[in-house]
Amino acid sequence: MPGKVFAVVVVIVTLAIAYCVIAHVWWMPVDISVHGPNIDRQIEETLFGAGILFIAGQLVLAAFSFLYGDSKGTRKMKSFPGGAKPLIIFACVVVGIEILVLSFVGSKAWGSVYFTPPDPSSVRIDVQAGQFAFYFRYPGPDGKFGPLHPELISEGTQNFFGLDTDHDPDSKDDIVTAQLAIPVNKPVLLTLHSKDMGHSFDVRELRVQQDFVPGIVIPIHFTATQTGRFEIVCTQLCGLGHYNMKAYIQVLSQPDYDNWLKQQAAMQ
Amino acid sequence: MHDMTAHAAAHHAPPQGFIRKYVFSVDHKVIGIQYTTLGLVSAFIGMALSWAMRIHLAWPAASIPFLGTLSPNGAPGGVPTPEYYLSLMTMHGTIMAFFLLTAAPMAGYGNFMLPIHVGAADMAFPRLNMASFWVTFVGFVLACATFFIPDGPPLSGWTAYAPLSAVGPVAGPGQGWGQNLWGLSIALFCVASLLGALNFIVTTIDLRTKGMTLSRLPLATWAWFINAWVSLLAFAVLLPTCLLLVLDRLGGTSFFIPGGLVVNDKVLPHSGGSPLLFQHLFWFFGHPEVYIIILPAFGIVAHVMPTFTRKPLVGGWKVITYAMAAIGGLSFVVWGHHMFVSGMSPYMAMVFSVPTLIITIPSVIAVLVFAFSLYGANMRFSTPMLFCLGFISLFISGGIGGFFLAQPAVDSYLHATSFVVGHFHFTMGLSAVFAAFAGFYYWFPKMWGRMMNETLGKIHFWLSFVLVYCVFMTLHLMGLTGSVRRYSQFVADFMVPLTPTNKFITIAALLLGATQFIFLFNVIWSRFKGPKAADNPWHATTLEWDTTSPPPFDNFGGRQMTVYHGPMEYDGDAFVMQTSTEKSIAGT
C-alpha cells in the first residue's frame, strides 16, 4: 500500500510541475535584445531535454514503487535484466548526447554574447556601482572619458565618479546620470566598474547579467531591439541596501535619445 | 590488514566517570552521538532562522517575537532590519551547510558506524577524534556567539565574498567582529574536518578486520572513505582562505582587496588584492563541499535500501562505488560554474561547463542504480525506506536543475535567482537531509537501543516530502521570472507581483518546519520510552547488527570478527550476515 501511495504522490507532483512549466505559470519576461533569443532557445531546449529526463526519472521511480511495493508478496526476487550494464550505457549515451547538444548549442549562445568583439561604432557608456546605487557616464562630444580619481569621489559634492574637471580636459564634457538611456537598435558597450564591493548589473529583459568586480573593468555589449523602460537590479550581495539597489534603463528612439542626452548635458 | 588482537590489547580501557565517558570521551560511538546531536541542534537553529527569513519575506511588517528579544538592534520590535535579514541568511547557510550537513552524515553517523563496519574497536586515533569534535564544537560556539555581540552576525552570506567580507566594519553592520568570529569559526571547522578525514582514511585502510576486503566494505563506509579524501583536499584549501580573510581584516594585508576602493567617500588603505582570487579559492572548496555533503547521503541510501528491498543493488558494490569515486574526483574541476558571470574569462566558462555537465553522468548512474534496484523487490516500507525513496525523487528533481546552471548562457539568466536557491536546497540540502533521516531512523535502534515510533515516522515522511516540493520547487519556478535571491524585501517592480507566491512558500516552509517537531518528539520519546531494540531489528547483514544494541564499549564484546561475505547478501526474507560462514545467497 505505501508503495502505491508513494507512486501516486510522485505522479501528481510530477504532473503539477510539468503543468506549471508548460502553462508558463511563472515565466521569463519578453526578450528585448539581439542576443536574447539565443539564450531563450537554450533555456527552452534545456527545459525540454532535462524535462523529459525529469519526468522519465520520476515515473520510473513511481512505477517501481507501485509494482514492487507489496511487502506481503512471496514472489521470488528478481534482478534487473542485464544488470547494471544497460543503465551505464543509457547514462553515458543519453546524458552524453544531451551534454554534447547542450554544450555545442549552448556555446553558440554564450559565444554570441561574450566571444564577439563589440561593434566599433558602439555607444560607449561607463557604469559605476557602489553601495547602493548605479551611476552612468557618457563621454560627451569629445567621445573620451576623463580619468577617475578615487580620492575625489564624494557623495556630498555629487562627484560620484571622482572626476577632476579642473585639470582633466577629457572629463569636462562627461555626462553623469543616475538613470541609463540607450538608443534602440544600436550596439551599446558598457564598461562596468565598482567603487567598493561586488555588485551585479542585471536586466532581465536584455538577458544580461554581469558582476562588477572591484579592481577590474568589465566590458559588456548588447543591442536592444525594443523601446521601453526596464529595471536594472543588483544581484550580487553588496550589503544592507542590496535589496533596494536598482536603477532604470530607458531604451529610446534615436531622436529621443539625442534629446535626452542634450537635456542631461545641460543639467551637469 | 592489521592483526586486530594486538591492536585491541593495546586499546584504551573503558573510561570511568561521567566526564571521560560522556563529555571528553575518546569512544567513537560517544563522539558520533555528540556530532549527531550537534547536527540536530544546528538543524533546529538553522530552521528557526529560515522561519524568521520566510516570515519577513512574506509579511515585511510582521513582528517576530523571539527576534526582538534576541537582537533589539537587529530587529527592533521583532521586525528584522535589512542588514539583520542578511545576518539571519548568512548564519542559516553557515550553520546548515557546515554544522548540520557536513558534520552529521559524515562525522556523526560515520564516527559511530565506520569502526564497527570494518570490525574495529575504535577509530585509529581516538584522541584525535575527540579533538575533532571539540574543535568543531568551539567553532560552533564562535558562530553562535555572533548573535550576542553588539555588531551582530556577519551579513556577507555563507560564501563571504570579498571585499564585502574583507574590508571590516566600513562594509556595513555585522561586518565587524561578527565576520572575524565567522572566519575563525570556519577555520576551526576546517581543522576539525581535516583531523576527522585523516582518522576516517587511516581507520578504513588499517583497521579492517580479518576478511573485510575492500569489496566487502559496507557502502556507507565506502562513501565515508571516499568522502574523507575529498574533505582532506577541499578543507585544506578553505582553511588558508579563511586565515587570509581574517588577516585582511585584522592584519592590514590585502590578499582579496584591490586598491582604490572608496567607502563613505574615503579611500581604503588597501591595494593589490583580488576579489576573484577569493571566489576561486572559496569555490575550489565550495564545489567539492557540495559533494562532501551528498556522497555520505549516497552511501547511506546504498547501505539502507538493500535491507528493505531485500536484494542487492544493481551492479553490486562496484558500480555505485565507482560512481561515487568519479563524482568525488570530478568535483575538483567544476568550481568555475559558480563564477560564469563573475568577470572571469568567458573562455574559462566553457572550460568549466563541460566537466560540470560530465559529472552528471556518474550522478545519473548512481540514481539509476538506486531506482532500478527497486525492480523486482519485495519492499518493506519502514520509515528508513520511505526516506530513501524520497531521497531518490528529490535528487532527480534537484539534479535536473544542474543541467540549467551548468551552461553559462542559461546561467547568465538564472544566476542569483531563486532557481539557484531551489536547486541547491533540493540537491545538497533536502536530498542530504532525507538520506540523513533514512540513516537516523535506521541506526537509531543501534545507537540508543530503542526503536523509534513507526507511525510518527511515517507522518513525518509524508508531510515533509510533499511540503519540500511545495517550498523548493516553487522557488525553482519563481526563479524563471528572474526573482533575485538574497533580497530582504521584494521591492523591485517585477518582484512585487510575486508576493502571493512568496506567501505560499512561507506557509509551506512554516508547516515543513512544524513537521520536524514530530520528528524531534519521536526522537526524545523513543530515546526514553521506545520499545527495546533487538540486536538486528531490520534483518540486516553488516557488522553493526552483529552486536548488541547499543554496542559494548569495545564494539563486539571481545569477539574477533571474521568476515566472509559482502554487505548485500539478501534474498527476500533470507539473508546472510557478513560474518556468517553460510553459503552466499546473492553472490555479492
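Colleague: Which residues in H12(B) meet H13(B)?
Modeller: In this predicted model, Thr360(B), Ser363(B), Val367(B), Phe370(B) and Ala371(B) are the ones in H12(B), and in H13(B) they meet Ile392(B), Phe395(B), Ile396(B), Gly399(B), Gly402(B) and Phe403(B). Sorted by class, that contact has 7 nonpolar residues and 4 polar ones, with no charged residues.
Colleague: And at what angle do H12 and H13 of chain B pack?
Modeller: Helix H12, residues 360-372, and helix H13, residues 383-405, both of chain B, pack at an angle of about 160°, and their axes are 11 Å apart. Angles over 145 degrees count as roughly antiparallel, and H12(B) and H13(B) are therefore roughly antiparallel to each other.
Colleague: Is their crossing left-handed or right-handed?
Modeller: The crossing of H12(B) and H13(B) is left-handed.
Colleague: Changing topic, how many residues does each chain bring to the contact between A and B?
Modeller: Chain B gives 90 residues to it and chain A gives 86 residues. On the side of chain B that touches chain A, the elements giving two or more residues include helix H5 (82-117), helix H9 (275-309), helix H16 (454-479), and also H12 and H13.
Colleague: What classes do the residues on that side of chain B divide into?
Modeller: On the side of chain B that touches chain A, 60 are nonpolar, 22 are polar and 8 are charged.
Colleague: Last one: is H7(B) mostly covered or uncovered?
Modeller: H7(B) is mostly covered, with 23 of its 30 residues buried. Helix H7 of chain B runs over residues 177-206 and reaches 43 Å from its first C-alpha to its last, which is close to the expected 44 Å.

Terms used. Residues numbered from 1 in each chain as written. Chains lettered and ligands numbered in written order. Predicted model: local features only at pLDDT ≥ 70, side-chain atom pairs only at ≥ 80, totals over all residues. Axes fitted to C-alpha atoms, helices over the stretch in contact; angles between N-to-C directions. Helix = DSSP H or I, 4+ residues; strand = E, 2+ residues; numbered from the N terminus. Parallel < 35°, antiparallel > 145°, perpendicular 65-115°, else oblique. Left-handed = near helix turned anticlockwise from the far one by under 90°. Contact = placed C-beta atoms within 7 Å. Nonpolar A, V, L, I, M, F, W, Y, C, P; charged D, E, K, R; others polar. Expected span 1.5 Å × (residues − 1). Buried ≥ 20, exposed ≤ 12 C-beta atoms within 10 Å, placed from the backbone.
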